[in-house]
Amino acid sequence: MSKKKLLLINSLAACALLIISAGLIFTYFAVKSMGELPEITQPQTSRFFYSNGELMTARFVENRSKVALEEVAEEAIWATIAAEDRRFEEHSGFDIKGIIRAAYRNLQERSVVQGGSSITQQLAKNLYLEQDRTWERKIEEAILTLQLERNYSKEEIMEKYLNTVFYGHGTYGIEAASELYFDKPASRLYLQEAALLAGLTRSPSHYSPLVNQEIAEKRAHAVLRTMVEEDFISKKEKEKALQQELELNPNPSLPRENNYVVDHLVHHKLNCLQEEEENLLKNGGLEIHTTIDPEMQEIAKKVLENNLPDLDRDHRGVAQPQGALVAMEPETGHIKALAGGKDYRETMLNRAYSLRSPGSAFKPVVYAAALENGYTAASTFKCEPVSLPSNGGDYQPTDFGGGYHHEHLTLRKALVQSCNVTAVKLNQEMGVENSIEMAEELGITSHLGKNLSLPLGTSEVKLVEMTASFAPFANGGYRVEPFLYKKAHGPGGEVLSENQPEKNKVLDKRVAYILTDIMKGVLSEEGTAPVSHLIDRPAAGKTGTSQDYKDAYMVGYTPDLIVGVYVGDDHGDPIWKTGGEIAAPIWAEFTERALQDTPASSFSKPPGLVDKTICPETGKIQHPLCSASGEKELFLEGTEPEKDCREADCPKVEIFQWPWHWFR
């Protein structure tokens with residue numbers, strides 16, 4: 001280089017030094033007159049976990065997980081100082097030597113090949129400034145840098161920097177970067193991994209090992225050499241680090257797929273978020289531990305996809321009919337699977353929480369009220385044309401399809417065969433108020449109309465609450481609140497909310513057992529859901545079909561799991577299928593697959609029940625001379641009929657007449 005050029009470079013460097021010195025003096029006095037720095041809340045990643053601890057999905061604007069400095073490996077701190085700011089511990093925010101060195105090098109190369117910004121300067125830019133390059137922004141940066149140095153210790157500045165700096169692929173902060181690239185927390189980084197991350201920050205897209213591992217390793221080696229030069233490590237430690245093979249994360253991308261579970265939690269169910277904490281959702285940092293079982297959730301998704309035909313596409317392009325499935329533990333209320341439709345990507349409408357008609361799936365609620373109010377499974381009603389006074393005039397119920405049984409039916413037979421007339425007569429005779437009260441006791445919170453047709457599902461309810469209302473039938477009489485998450489942690493690890501199972505006695509366990517025994521018959525060939533051959537364990541349930549085939553329903557259960565299934569068109573068009581035809585097979589397939597690794601168990605019969613053989617014509621104890629096909633029936637002890645069917649004038653009793661005419 002000629003003397004003339006060298007003189008020019010030195011002159012420019014001297015001018016730069018004078019300008020910098022003057023600027024620092026001005027900045028110093030500017031800082032003296034300013035107040036405290038504002039505290040910046042940086043977005044963090046919120047994570048949702050399955051019940052087994054496996055990550056379900058992550059939501060973030062910036063993928064970041066804050067970490068304390070003491071939870072970062074020392075090697076990562078040393079590597080960061082070596083790569084970004086060798087005199088970090090010595091200067092007061094500006095490395096003058098570094099700035100001059102960088103300016104000199106850039107003049108030599110006639111391009112910007114080396115930066116002179118200190119870690120504190122970079123932190124000021126990352127926290128408070130846009131990335132534009134203007135003199136105004138440079139002055140702001142200088143002022144903010146000195147303020148940071150004045151307000152925080154070096155350790156605090158380093159912690160903020162390591163939680164702020166960009167490491168590529170949407171990832172900010174060393175904790176998230178360590179998880180992304182190496183599938184481990186920053187506390188467990190070894191030397192070469194730490195050097196690689198420190199080398200990334202200069203140009204994350206260029207030095208990313210996910211883009212070009214060879215270039216990333218060369219950059220890491222350069223950082224290691226600098227660490228030796230600055231006495232952070234010895235040559236021996238460097239050589240040992242280079243002998244270790246880098247093991248990159250084989251699955252570096254976070255699962256970000258949204259689903260019905262996360263959508264409902266975020267928008268409706270995170271009761272831990274009080275009004276003053278609403279920014280937690282926006283800024284993230286939450287850890288939500290859900291009750292969802294990953295295998296059951298996948299089965300629910302597949303069962304709906306495979307069993308709901310694409311008969312039509314609506315104006316949004318969404319396949320119709322649609323459906324929903326909810327699976328819940330009867331003992332705890334833990335929702336183990338929740339699918340609000342065939343495909344979340346098509347529409348975010350969550351049909352598990354939408355109001356729909358349950359049809360005759362509501363009848364067990366009315367029957368539970370009846371059994372609690374003195375009726376028995378052998379109580380009889382005649383299914384025939386009838387006109388009942390109602391609010392809107394006379395109401396004339398019919399069975400589904402418009403016909404009648406034209407015979408006396410016990411409550412057992414009427415529920416198994418889903419007789420509408422019997423259910424409506426029972427509701428009227430017992431009192432609609434008793435049915436509504438029982439529904440509320442069982443956990444139905446939607447508004448119920450005070451109508452004689454209530455047992456037919458004319459009041460719309462949510463699939464989630466309808467499913468939960470069957471819990472007392474399955475668990476011996478206890479209402480349990482359904483919930484989707486067990487615990488929610490805030491950004492600092494604090495517990496924001498925790499759900500514990502709540503059980504409240506609402507039903508006599510003997511009544512629960514009788515109803516379960518009756519609803520086992522619904523799954524038989526005589527019932528409306530003949531799917532017992534599809535499920536290899538004791539089970540019970542009830543189907544429902546709304547008026548004009550708009551909604552198909554099935555809620556069924558075993559001692560271990562309650563499953564509710566809804567199928568219907570989003571716009572109320574008929575699907576021309578009953579609950580037994582389309583919802584029941586979905587229920588059976590899901591239940592069988594979901595419980596395939598769970599040993600079959602039976603419903604526990606409580607004491608205080610008696611078995612009697614009943615005459616189906618009268619509902620009374622069968623007389624020995626009755627020719628009708630007698631049926632075994634369960635009674636709460638003390639409620640069995642006192643009379644036999646002969647005393648009730650049963651037409652099937654054949655009274656023996658002595659043939660006196662033989663002796664005439």
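Does His169 count as buried, exposed or partly exposed, and at what relative accessibility?

**Notes for all views.** Residues are numbered from 1 along each chain as its sequence is written, and side-chain values use heavy atoms, with hydrogens and water left out. Because the model is predicted, local features need pLDDT of at least 70 and side-chain atom pairs count only at pLDDT 80 or more, while totals for chains, interfaces and linings use all residues.

**View 1. His169 has a positive phi.** The value is about 55°, although His169 is not a glycine. His169 sits in the loop between strand E3 (166-168) and strand E4 (171-172). Helices (H or I, at least four residues) and strands (E, at least two) are DSSP runs, numbered from the N terminus. His169 counts as partly exposed, at 44% relative accessibility. Buried means under 20% relative accessible area, exposed over 50%, and partly exposed in between (1.4 Å probe, protein chains only). Most residues other than glycine have a negative phi.

**View 2. Asp231 also has a positive phi, of about 65°.** Asp231 is not a glycine. The loop between helix H10 (213-229) and helix H11 (235-243) holds Asp231. With 67% relative accessibility, Asp231 counts as exposed.

**View 3. Gln320 is buried in strand E7.** The strand spans residues 319-320. The relative accessible area of Gln320 is 2%. Its side chain joins that of Asp570 in a polar contact of 3.0 Å. A polar contact is a pair of N or O atoms within 3.5 Å; within protein, one must be able to donate a hydrogen and the other to accept it, and residues adjacent in sequence count only if both atoms are side-chain atoms. Leaving aside neighbours within four places in sequence, Gln320 is in contact (heavy atoms within 4.5 Å) with residues including Pro309, Leu311, Gly568 and His571.

**View 4. The peptide bond from Gln320 to Pro321 is cis.** Its omega is near 0°. Pro321 lies in the loop between E7 and strand E8 (322-328).

**View 5. Helix H2 (residues 74-84) meets helix H8 (residues 191-200).** Their axes come within 8 Å and cross at roughly 40°. Axes are lines fitted to C-alpha atoms, for helices over the stretch in contact, and angles run from 0 to 180 degrees between N-to-C directions. Glu75, Ala76, Ala79, Thr80, Ala83 and Glu84 in H2 touch Leu191, Ala194, Ala195 and Ala198 in H8.
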